[in-house]
Each structure stands twice: as C-alpha cells, then as structure tokens.
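Hi everyone, thanks for making time today.

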Amino acid sequence: MSESLLIPEQPPNHRSGFVALVGRPSVGKSTLVNALVGQKVAIVSNKPQTTRNRILGIVTRADSQVVFVDTPGIHRPMHKLGEIMVTTAQRAVPDADLALFVVDASANPSEEDRIVAHMLAGRRVPVLLVLNKMDHLSADRVKMNVDAYQALGQFADWTMTSALRGDNVPELLELIISRLPLGPRYFPEGQVTDATERFIAGELIREQVLRLLREEVPYSIAVVVDKFSERRPDLTDIEATIYVEKDSQKGIVIGRSGQMLKDIGSAARVEIQRMLDTQVFLKLWVKVQPKWRSDQAALRQVGYS
Ligand SMILES: Nc1nc2c(ncn2[C@@H]2O[C@H](COP(=O)(O)OP(=O)(O)OP(=O)(O)O)[C@@H](O)[C@H]2O)c(=O)[nH]1
Ligand SMILES: [Mg+2]
C-alpha cells in the first residue's frame with residue numbers, strides 16, 4: 001500500500017497555514033499560543049523576554065490545521081542573545097501566511113509596539129491586531145486604546161482577547177482559520193509542537209528560575225539538558241546544567257543550604273512529569289559561564305544560534 005493511502009482524506013476545502021505571533025515582550029504571546037492550542041507548548045512568565053526561540057503550536061481540526069509560530073518579544077537588544085531573539089522574531093513573519101500583532105490592550109502603545117508595527121508594515125503578510133489582556137482594560141479606556149493601536153498600521157482585522165482567561169480565544173481561532181488559504185495538513189494529527197521533549201524539559205526548568213528568582217538573575221541563565229534517557233518506560237532520568245554569568249548568581253540560584261536549587265528542581269520536576277506522563281529523576285547543576293549572552297561560541301554551546 002502506498003504511503004499516501006494511509007493519510008486520512010481531508011475535505012476539499014481544508015485550510016492550513018503558518019501564523020506568526022509577534023509583539024513586544026510580555027504582552028501574552030506565549031499565553032495566547034497555549035490557549036489556542038489548548039495545551040502548554042511555550043513557557044510563560046511575568047518577566048519580559050521569556051521566550052528565546054521560535055516555538056510551534058499546532059491546532060489540527062477536521063477542516064483545518066493552524067501552525068502557530070510563537071516568537072521572542074521584539075525589543076532593543078543589549079547583547080548578542082537579544083539580537084538573536086529579535087532576528088528570530090523578525091524572520092518568522094515573511095514565512096507566515098498571517099501575522100498576529102499582539103499588544104497589551106490595557107496599556108498605551110509603547111516605543112517597542114511602534115517598532116513592531118513598523119517592521120510589519122514592511123512585509124506583505126496580512127496582519128490581525130490582537131488586543132490582549134482585555135480583562136485588565138477598564139471600560140472607559142476601551143475606545144482610546146483601540147484607536148491608539150489601530151493607528152499604528154494597516155490591519156486586515158482586529159479583536160480583543162484575554163489569553164489568561166480564554167475570553168474570545170475560540171472566536172480568534174475562527175477568525176484566523178477563515179483567513180488561511182486552502183492547503184494540506186503539514187503535521188500529523190495529535191502533534192502539538194515540533195519541539196523535542198528534551199528541549200521542553202529545559203524550558204520548564206528555565207520557567208521555574210524565572211518564577212522563583214528576581215532582578216537580573218533570570219535573564220542571565222541558560223539551561224542545557226545534558227542527559228535525557230528512559231530508565232524504564234515509567235521513569236525518565238534527566239540531568240541539566242543551569243548556566244549563570246557570575247559567581248554571585250551561582251550562589252543565588254543554589255540558595256542557602258541549596259534550598260533554592262531544590263525548589264527549582266522540585267517545581268520543574270512536577271511540570272516535566274506532567275508532560276512526559278512518567279516519573280522523573282531530575283538532577284541539576286549550576287555552572288558559571290562568564291558573559292555567555294555576549295559570546296557567540298558560548299551562545300552556541302547553550303543552544304542559541
Ligand atoms: N491579565 C492578563 N495577563 C495576561 C494575559 N495574557 C498573558 N498575561 C500575563 O502576562 C505575562 C506575560 O505573558 P507571556 O505569555 O509570557 O508573554 P509573551 O508576550 O510571550 O512574553 P515574551 O516571551 O517575554 O515576549 C504573564 O504573567 C501572563 O500570565 C491576559 O490576557 N490577561
Ligand atoms: Mg513568550
């Protein structure tokens with residue numbers, strides 16, 4: 001039997017496409033991707049510049065497949081890592097069938113929002129303006145803020161959402177699908193991302209560092225998964241190194257009597273177990289790699305290039 005006969009038949013009006021989410025940091029792009037997919041594919045935090053890679057979130061229905069491309073927040077980079085992040089976000093747009101310009105509806109447009117709008121204006125990709133965090137927007141500011149964001153560019157359409165609560169997310173999905181071209185399924189049903197479990201495990205560890213630590217420490221860390229192996233079908237062994245830039249940061253990540261590292265490890269383990277549906281034995285190390293965010297070779301070594 002030929003392979004194509006095994007692929008379930010799709011209706012003749014099947015729609016599909018790549019949809020890039022772009023915007024300044026912390027507007028809720030990753031939260032929105034997770035809400036659209038209905039599953040956590042990207043880590044989220046209340047600190048800006050959480051997402052560092054291009055991350056796919058795939059929605060498959062009988063009539064359509066949407067491949068969401070979550071991207072790092074666009075900002076003025078202060079080091080090579082920031083430059084890589086901004087380039088990653090910019091590159092996602094020309095390859096997309098549709099772009100979502102995600103903004104924080106509860107705040108005024110910022111300089112960074114204008115930079116994103118300017119970048120989008122130079123592309124031929126249609127753009128939907130998504131005013132997220134509508135749960136934070138007071139009724140008397142709705143018109144003012146909607147007008148202010150609409151003035152930033154030419155948009156095919158606009159909508160308001162609360163990614164956190166899920167408000168208007170199903171409606172946004174319908175709006176997106178209605179604007180996608182006719183096309184095939186790119187990924188098999190059931191696949192929600194292209195990231196490996198190994199990569200996501202590293203991200204889930206980084207998410208806990210972002211949650212538990214403050215100031216410059218979360219930005220100065222990178223997580224590398226050194227070992228990821230199935231000891232038994234119901235038990236996964238994971239070893240990972242948390243890289244920091246300075247000795248003082250190493251002390252903070254480890255904490256008094258190692259308590260902080262224990263807290264990071266146990267919270268991350270719960271999340272990784274949920275993803276893998278196995279028990280997880282997690283061992284964490286902390287190492288100093290001076291100025292890794294500005295060093296090309298070190299960046300490559302910790303997985304950013
Ligand atoms: N109130 C409210 N908070 C939200 C909403 N969506 C996201 N957030 C919060 O905003 C913060 C940032 O969310 P992320 O999804 O990490 O934002 P992001 O745009 O992906 O950020 P970067 O990856 O840094 O570019 C988190 O604390 C979220 O819980 C929303 O609709 N309403
Ligand atoms: Mg993000």
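The C-alpha centres of domain 1 and domain 2 lie 27 Å apart. Before going further, please keep in mind that this is a predicted model. The domain assignment places domain 1 at residues 9-178 and domain 2 at residues 197-301. Where they touch, domain 1 contributes nine residues and domain 2 contributes twelve residues. On the domain 1 side of that contact, you'll find three nonpolar, four polar and two charged residues.

Now let's turn to the sheet. What is the order of its strands? Reading across, the order is S2-S3-S1-S4-S5-S6, in an open sheet of six strands with mixed pairing. The edges are strand S2, residues 55-60, and strand S6, residues 157-160, and each of these pairs on one side only. On average, neighbouring strands are turned by 20 degrees against each other, ignoring direction. Helix H3, residues 111-121, packs on this sheet and touches strand S1 (15-22), strand S4 (98-104) and S5. The direction of H3 makes about 165 degrees with that of S4.

As a quick reminder for anyone new to sheets, strands pair through backbone hydrogen bonds, either parallel or antiparallel.

Let's look at S1 with that in mind. Is S1 mostly covered or mostly exposed? Mostly covered: six of its eight residues are buried. On one pairing, S1 runs parallel to strand S3, residues 64-70, over seven bridges. There, Ser16 stands opposite Gln65 in S3. S1 also runs parallel to S4, and four bridges join these two strands.

Last stop, the ligand. How many residues surround ligand 1? There are 24, and the closest are Gly28, Ser30, Thr31, Thr51 and Gly73. By class, the shell around ligand 1 has seven nonpolar, 14 polar and three charged residues. Which element gives the most to this shell? That is helix H1, residues 29-37, which supplies three residues.

That's my tour, and I'm happy to go back to any part of the picture.

Technical notes
Residues numbered from 1 in each chain as written. Chains lettered and ligands numbered in written order. Predicted model: local features only at pLDDT ≥ 70, side-chain atom pairs only at ≥ 80, totals over all residues. Near = placed C-beta within 6 Å. Nonpolar A, V, L, I, M, F, W, Y, C, P; charged D, E, K, R; others polar. Pairing = 2+ DSSP bridges. Axes fitted to C-alpha atoms, helices over the stretch in contact; angles between N-to-C directions. Contact = placed C-beta atoms within 7 Å. Domains from an automatic or database assignment. Buried ≥ 20, exposed ≤ 12 C-beta atoms within 10 Å, placed from the backbone.
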